[in-house]
Structure formats: C-alpha cells, structure tokens
Amino acid sequence: MQSEVAAGIPAPQRTSKAYAPVRRAQEDPAWVRWGLTGFSLFAVGVIVVIPIANVFAGALTEGIGTYWKNLIADPDTLHSIYLTLTVVPIALVANIVFGVASAWAISRFSFPGRTLLVALIDLPFSVSPVVAGLMFVLIFGLQGYFGPFLRRDGYSVMPYLVALVVVLALAVLYVLLRPSNSQARRGFWRLHPAIALVGGGVVTFAVLVLAQQALGVWPQNESLKIIFATPGLVLATSFVTFPFVARELIPVMDAIGPDEELAALSLGANGWQMFWHITVPNVKWGLAYGIILCNARAMGEFGAVYVVSGHIAGETDTMPLRIEKLFQEYNMPGSFAVASLLTLVAILTLFVKSKLEKHLPTATSRGETEP
Amino acid sequence: MSIVVKNVSKRFGNFAAVDDVNLEVPNGSLLALLGPSGSGKTTLLRIIAGLELADQGTVIHHEEDVTAYSPRDRKVGFVFQHYALFRHMTIEDNIGYGLRVRGVPKAERAERVNELLKLIRLENFGKRYPSQLSGGQRQRVALARALAARPAVLLLDEPFGALDAKVRQELRQWLRRLHEEIHVTSVFVTHDQEEAFEVADHVVVMNRGRIEQVGTPAEVFEHPANAFVMDFLGNVNVFPGKVEQGKVVARGMEVAYPAYPHAEAREAEVYVRPHELVLERRSEVPAPLIAKVVHVNPAGPRTKVELRAEASEQMIVAELSNERLAELSLAPGDTVYVSARKARVFMREETA
C-alpha cells in the first residue's frame, strides 16, 4: 500500500519485484528514523508523561476519600481555590478588553510607534515574573511610591477612578455612534464634537465624583491594601498574562483583512454594529484560543503572585501558592491533590486548544475557501 | 449630475495616488474608470464611496456635499473585488444586512431579500453560506447586497477581476442588462479595456493619478486624446518620425498632419493599430515601408501577422481578415509593402 502511494504512479510491471517498498529520496535509513522517533518518545515520556501521571498517583495514594477530604476539608485550601477563581476571571476580562483594543489598533491602523507597541505587548513574556511582582511592590507597597497615601486614605482615589472609567467608556460610545451626516444627528450629536466631548466629559465626571462622595460609597480614612491583598494579585496576574489575547488576535485579524468591516460600513452599519456583527464573529475562535491560553497561564502563575501575595494562608494564597505551602509542610497528598486540579485544567486546555486550532484562519485562507 | 468630484487629491506618503481630479458622472449612467494598476482608479472609487478620505477636494452626491460623511451616510452600494461577503452569515442575511442595520422590519426585509435573490437568479441559495457558492455566484450576491438598501450610487471595484474568463464574460453582459433594468448610477473600476468598452456607456481613462480622457467608448477608441490612451487601449504600432509642413514622415509612412504647418522639423510618432495596417505585394509609393513576414498566426476570425521592417528592424504587428490573407497567401520570409489605412500622430512633447 505504502509503496503505491509513495510511487504516485501505477505499478510499472508486475515482476517479482513489483511490491518491493519504494524508497524516496528524502527517506532516511531505518536506524535514523527509529532512533529519532524513539528518542522523542523517550524524552516526552520521561519529562512529561511520567511526572504528570505521578501527580495523580501522589494525590490518590491514600484513596479517593482522602483525596476529596484534602480538597474540601481544609478551609485554607478551599479559600485558595476560591481566590484563584476570583482573581483569574478579573485578570481575563482586563486582558480581553486590552487585547481586542490593541489588536484592532495594530491590525487596522498604521500610526507612528506601531512597531514599538507590538514590541511592548510582548514585554511581559520576557520579564521574569518575580521582577514583575517586585515592580508592583515598589509602586504600591508600604515603602513604595503610593504606599503612604494608600495607607492614609486609599479609598479617596476610587470615586475619581470609577468616574474616569465611566467617562472614557461614554466618550468611546459617543464617537462610535455619532452620525457623520449632519442631518441625521439628534440631541447631543448636534453639538460640536469637541464641545460635546470635553463639556459632557467634565460634567459627567464631576457629577459622578460628587455623587459617590455624597453617598459615601467608599470608606473614608481607611487604608486601601493593594499589595498583600486581592488587587495586587489581580495586577500581577494581568501583567504576566498581558500578551496572550492580543498576540492571538493580531494574526487572525490580519488574515481576515478589513474588507468585510468596510463592506458593513458601506452598507450603513455604525462602528458598534460593525464590531459586534462582523468583527467579533470573525475573530471569535482566535479570541477563544487566546482566552484559553491566558486562563491556563493565569491559573498557574506563581512567581509574580508569590511576591505580591505575602503568603497569608486563607487570605492571599492562590492555588499554586497553596501547593507550595502544603509541600513545605510535608503534606504530600494534600499538595498533590491541589496540583492535580491544576493539571486537569492544563489537560482540558490542551484538549480545547486542539479543537480550536481547526477554526483559526491561516494567511492563505483569506476570503472564503472553496467548499 | 449624480456624482461630482472636484479637485480631489490623495497622497500615500510621497506617492500621489489621485492628483487633482475633476469628474462628473451623469444620472443613470454606467461609467468605467479604466487604467493600469497604480493609476489611482481604485483610490478614486474609494474616495467617492467614503472608504478613503481625500486630502483635499470635494465629493458631491446628488447636489449634497458628502466630503465629510462616513460611508454609511452616503447611500452608496459598494462591491469589492474579493466579494467581502460576511462569511458567518447565510446568503439571505448577507443581502439583508444593509436593511437590518437601518432598522427595516423583518417582514419587509425578507420580501426585499427574496426579490433580490430572484434578480440574481439564486432563489434556492438563500440558506447557504458564501463558502458554498462559486466565484460568480458570490459576486452576484455581493451585488445584491449592495443594491438591497436601494443606494443612490452603485460602486464596483474590479467586480470581475477574480473570476475566470467565461464567468467574467457572462457577468459583464448580465451587469449591462441589470443596469438597463434598474438604472442606478454606477461606477466601476477595471484595468481591462475590453471590459470597459463592453459594459460602460462612459469611459474615464486614468494614468498616474490623473484623468487622461473622458468619453463614450467609441470616442475614446476612435479619437484618443494622447499617446497614452492610444497605447493603453489595445495593441498599437509606433513609428518614430519627423513632422514638418503639415506632414509626418515616419519610416516610409507618410501621414498628413495639418495641425503643424511650420517649416521647422520636429519629432513626432505615428500610431497605427494592427487592423489599420494594409499589407500589399506591390507598391506605387516612391519610398515605401518594406517588411519581411516573420510569423503568421491564424487564430480565430482574424489573422495576426508579425513583420520585421527591412530598414529599421522594427517589429510590426498587422491584423488581416482571413480572406485577405488567402488573397495574399503570405508565408514567413515573404516581402510585403506596409501602409496605413488610418493613423494618428502625436508630437513628442505630448507623449512626454
């Protein structure tokens, strides 16, 4: 069979040698083929398969019952799972928003500093996580730049921060939804854009800040903890996983090209409609791929989180930190039990990732492919 | 006037894609922007559509200045060279998209979509996806999508460029008939002069970001404004020569040129299309253009004859009817006398 396929032409003459295997020019001798295959299998087995199997073996040495107890009976372990499940989604949302925005900017516009932006997005990949964690400690820690202020009356910054985010979101909406045809403009859109943006922005900002202060939404004269608390964990995790979504989206958006988006615009869609009707469905697989990778990295993050968490059991320990602590306390089954959860997430990620890869467009499949 | 373009310029870096162009498109006409690649025709079309913003100049649609409008407010239908169909939507949803974003009720939308599916003769394809259609079908869907919201202007960017020859031919005729039916002002871009002449009722020849000539296909073909237009619209033989006292002499060819009655000789070029050349076995002209037959190529209803001029070694292409060829019974190596039934003269300054 193989000989026929390899030859690519009908069997020449049915002599006694007709079925002899055909050797192709690029085919290496048997010992090279077997040697390389064997070495790869051996390496994967020793470095990947056996340790992973060992994680599950270690977790289950004392039976399923103990395994289960190790996971849910210890309040500190339970809290670490809960904390990871809080920190990771927040970091994911932040990175999705950033990733989509920057991928859009990079693949659709050309502006000065575009290459620099591409390089900067990759920076967190090359910075050691421990250094990343230290950076945040230096900024927000007690001895850091903002430390004294945050300790004195940290929450006083919150009304401004919230108001700023809301105003920026509204400004983006205003620009996206503004009809360019002067006759089609109603209400706010009839004002000059600069006046509407600056005036509206200042008024909304002031109203929001004053409303929050008057209603006492945020506590006063209290310390706002960022380092050794959840906000720090979110910051460190976001930083380390920063590039994932953008890096997956940029090639996808490049491959799809801007034509469909332009077609939507010429058919009368506004920016908002174009984004949700055309862009999002087109990049959804790439986006999902990025989110999956981002999630896996975020859940397993150790170094940066280690530095900013302060290791307070039951308060700032995420799952990887908890694993390390249990290990240091010689609680091997407990440590392996939590580790097995992270491993399961990894295996699941691998599975979903291989499913998603089929849907990703390649540079050659621009436009629709033939059925 | 449906579309008026006034003094529009667009630069990409140091490259002037569109250079101070003025253009008027009459109501209900089907106009072709014709030119070689890089001549700015697509950029001009995109400026009319609002997909590209001009650096300077004004675009007016139906007496309304739309220069600052975004594409969605210009009421244009735009057809892309590579269709740009929404790949995740069915054909129905693709065609109905323009109505959907304009808030047309569902029932009305479905009615219009069916009407258009009938128009493009794809009634049973509504539930399919773009990837399940052939290139020609996709381009028809793209056209229907552009027409759905009843645009005031239809713009097509190399609409048949990505299709094979036979489908292209069919779609050209279909577009011509469609235009006669719905009569929406249309502008399409092409680099294929045959296509422009077959489909359009007005042709605009562009080169290096400027308009070289505007006219009906017959006007442009019969009276090319300059050497570029002459050269671009099909094969042409160029004979360099001198003009003086209302007469051009170019390599044994003599053509009257009353526009230059002066005694001082200047350089000029004589342009003759292959089918305007006359081949003869005998000649009465005192100093005729003598050429040797190099190759006879009897493909199709007319025969191409390649010749080499005796004195200048210049290659000449002539086109004869098959009957005339039989009369002459030409074979490679034969010597013939070449003259022109019709010729155009462009002075050197004009061609520069």
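User: Is Leu138(A) buried, exposed or partly exposed, and why?

Analyst: Count the neighbours around the residue. A residue is buried if 20 or more other C-beta atoms lie within 10 Å of its own, and exposed if 12 or fewer. Leu138(A) has 14 other C-beta atoms within 10 Å, so Leu138(A) is partly exposed. This is a predicted model, and the count comes from its coordinates.

User: Which helix holds Leu138(A)?

Analyst: Leu138(A) sits in helix 7 of chain A, residues 129–140.

User: How far is Leu138(A) from Val118(A), in sequence and in space?

Analyst: The two are 20 residues apart in sequence. From C-alpha to C-alpha, the separation of Leu138(A) and Val118(A) is 26 Å.

User: How do I read a pair of packed helices? Take helix 4 and helix 12 of chain A.

Analyst: Two numbers describe packed helices: the angle between their axes and the distance between the axes. Here helix 4 (residues 75–108) and helix 12 (residues 243–256) of chain A pack at about 35°. Their axes are 8 Å apart. The crossing of these two helices is right-handed.

User: Which residues make that contact?

Analyst: From helix 4 of chain A, they include Ile96(A), Gly99(A), Val100(A), Ala103(A) and Ile106(A). From helix 12 of chain A, they include Val245(A), Leu249(A), Ile250(A) and Met253(A). By class, the residues of this contact are 11 nonpolar, four polar and one charged.

User: Which residues of helix 16 of chain A are buried?

Analyst: First, a point about helices in general. An α-helix has 3.6 residues a turn, so residues three or four places apart point the same way. In helix 16 (residues 319–328) of chain A, the buried residues are Met319(A), Pro320(A), Leu321(A), Arg322(A), Ile323(A) and Leu326(A). They pack against helix 4, helix 14, helix 15 (303–309) and helix 17 (332–357) of chain A.

User: What follows helix 16 of chain A?

Analyst: Tyr330(A) follows helix 16 of chain A, and its phi is positive, near 60°.

User: Now chain B. How do I read its six-stranded sheet?

Analyst: Strands of a sheet pair through backbone hydrogen bonds, either parallel or antiparallel. This open sheet has the strand order 6-7-8-3-9-10, with mixed pairing. Strand 6 (76–79) and strand 10 (210–215) of chain B are the edges, each pairing on one side only. Direction ignored, neighbouring strands are turned by 15° against each other on average.

User: How many bridges join strand 9 to strand 10 of chain B?

Analyst: Five bridges join them, and strand 9 (residues 202–207) and strand 10 of chain B run antiparallel. One bridge partner in strand 10 of chain B is Arg210(B), which pairs with Asn207(B).

User: What is the overall make-up of chain B?

Analyst: Chain B has 10 helices and 20 strands. Its C-alpha atoms fill a box of roughly 80 × 45 × 35 Å along the principal axes. Of its 352 residues, 42% count as buried. Among contacts in chain B with a separation of 6 or more, 65% join residues 24 or more positions apart.

User: How many residues of chain A and chain B are in contact?

Analyst: 23 residues of chain A are in contact with 26 residues of chain B. On the chain A side, helix 13 (259–266) and helix 14 (271–300) are the elements that give two or more residues. Helix 13 of chain A gives the most, with seven. By class, the chain A side has 11 nonpolar, nine polar and three charged residues.

User: What confidence scores go with the prediction?

Analyst: Where pLDDT is low, the predicted coordinates should not be read in detail. Chain B has a mean pLDDT of 88, with 99% of its residues at 70 or more. The model scores ipTM 0.82 and pTM 0.77.

How values were computed. Residues are numbered from 1 along each chain as its sequence is written. Chains are lettered from A and ligands numbered from 1 in the order in which they are written. This is a predicted model: local features need pLDDT of at least 70, side-chain atom pairs count only at pLDDT 80 or more; totals for chains, interfaces and linings use all residues. Two residues are in contact if their C-beta atoms, placed from the backbone, lie within 7 Å. Helices (H or I, at least four residues) and strands (E, at least two) are DSSP runs, numbered from the N terminus. Ala, Val, Leu, Ile, Met, Phe, Trp, Tyr, Cys and Pro count as nonpolar, Asp, Glu, Lys and Arg as charged, and the others, Gly among them, as polar. Axes are lines fitted to C-alpha atoms, for helices over the stretch in contact, and angles run from 0 to 180 degrees between N-to-C directions. A crossing is left-handed if the near helix is turned anticlockwise from the far one by less than a right angle, and right-handed if clockwise. Two strands pair if DSSP finds at least two bridges between them. pLDDT is the predictor's confidence in each residue, from 0 to 100.
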